[in-house]
Amino acid sequence: MILLALAGLVLISLPFIRLIFPVFYVQTFLYDPSVIVLFPHRLNFDLVLAASLLLFAGFIIPLIKQNKFTYSLLAVFVAGGIFVFYLSVLSYTYIGKEKIVSHNLFDGKSLEWTEIKEVALEYYQDDTGRYEEYNFKANDGNSIRIPLNNHFLYEDKSEIYKIARQNNIFFIELQKN
């Protein structure tokens, strides 16, 4: 009966968890006052959905038949769900007044503004609309590419330009074909 209640709770809260958890985590644990843009990647929302479904499946399995094997499956599914929840907090983009960070699961890049030699706002236009992307190029050849999305406001673009100019960083706009 407890497992059925837990499964029901997971199923009912699934839409809310999927929408709130990635944003809550990023805004609560990664936020600082010097942030310009801070947002979780789209992948995080899908990972939260997968984790919730794993938890739901794990709580349902012992309801079919109760024996050691199904309880072992419950433990595996719950552990898998917790691990996927952990993965859902690893992808985010942070642009602040001190540094730029882009984390994609286990691959993370970070650049201080003092390490950057050029900021390029690359864009192209097609039938579906305008696509824009920042390319932060470091002195050592590394770069961070950050596509613009709904999290970028006009003021954020202005702030990035202003910080680039304050740090004597070359800022260009490029139209790609």
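Tutor: Gladly! Let us start with what a pair is: two rings of Phe, Tyr or Trp (its six-membered ring) count as a pair if their centres lie within 6.5 Å. Please keep in mind that this is a predicted model. By that rule, the structure holds 9 aromatic pairs.

One of them is formed by Phe83 and Tyr86, whose centres are 6.4 Å apart and whose planes make an angle of 35°. Planes under 30 degrees apart count as stacked and those over 60 as edge-to-face, with the rest called tilted. The angle of 35° therefore makes the pair of Phe83 and Tyr86 tilted. Where do these two residues sit? Both belong to helix 3, and because they are 3 residues apart there, about one helical turn separates Phe83 from Tyr86. As for cover, Phe83 has a relative accessible area of 45%, so it is partly exposed. Tyr86 is partly exposed too, with a relative accessible area of 45%.

Now compare that with Tyr161 and Phe171. Their ring centres are 5.0 Å apart and their planes stand at 90°, so this pair is edge-to-face. Tyr161 is part of helix 4 (residues 154-166), whereas Phe171 is part of strand 8 (residues 170-175), so the pair ties together parts that are 10 residues apart in sequence. What about their exposure? Tyr161 is partly exposed at 40% relative accessibility. Phe171, at 16% relative accessibility, counts as buried, because the cut-off for buried is under 20%.

Phe16, Phe24 and Phe29 are among the residues that make a nonpolar surface patch of about 590 Å², along with Leu19 and Ile20. At 45% relative accessibility, Phe24 counts as partly exposed.

Thr70 is located in helix 3 (residues 68-87), and with a relative accessible area of 8% it is buried. Apart from its neighbours within four places in sequence, Thr70 is in contact with Ile61, Pro62 and Lys65. So helix 3 holds the buried Thr70 as well as the partly exposed Phe83 and Tyr86.

How values were computed. Residues numbered from 1 in each chain as written. Predicted model: local features only at pLDDT ≥ 70, side-chain atom pairs only at ≥ 80, totals over all residues. Heavy atoms only, no water. Patch = residues over 30% accessible without salt bridge, like charges linked within 9 Å, V, L, I, M, F, W, Y side chains within 5 Å. Areas by Shrake-Rupley, 256 points an atom, 1.4 Å probe, with all protein chains shown as cover. Salt bridge = Lys/Arg side-chain N within 4 Å of Asp/Glu carboxyl O. Buried < 20%, exposed > 50% of the residue type's maximum accessible area, 1.4 Å probe, protein only. Helix = DSSP H or I, 4+ residues; strand = E, 2+ residues; numbered from the N terminus. Contact = heavy atoms within 4.5 Å.
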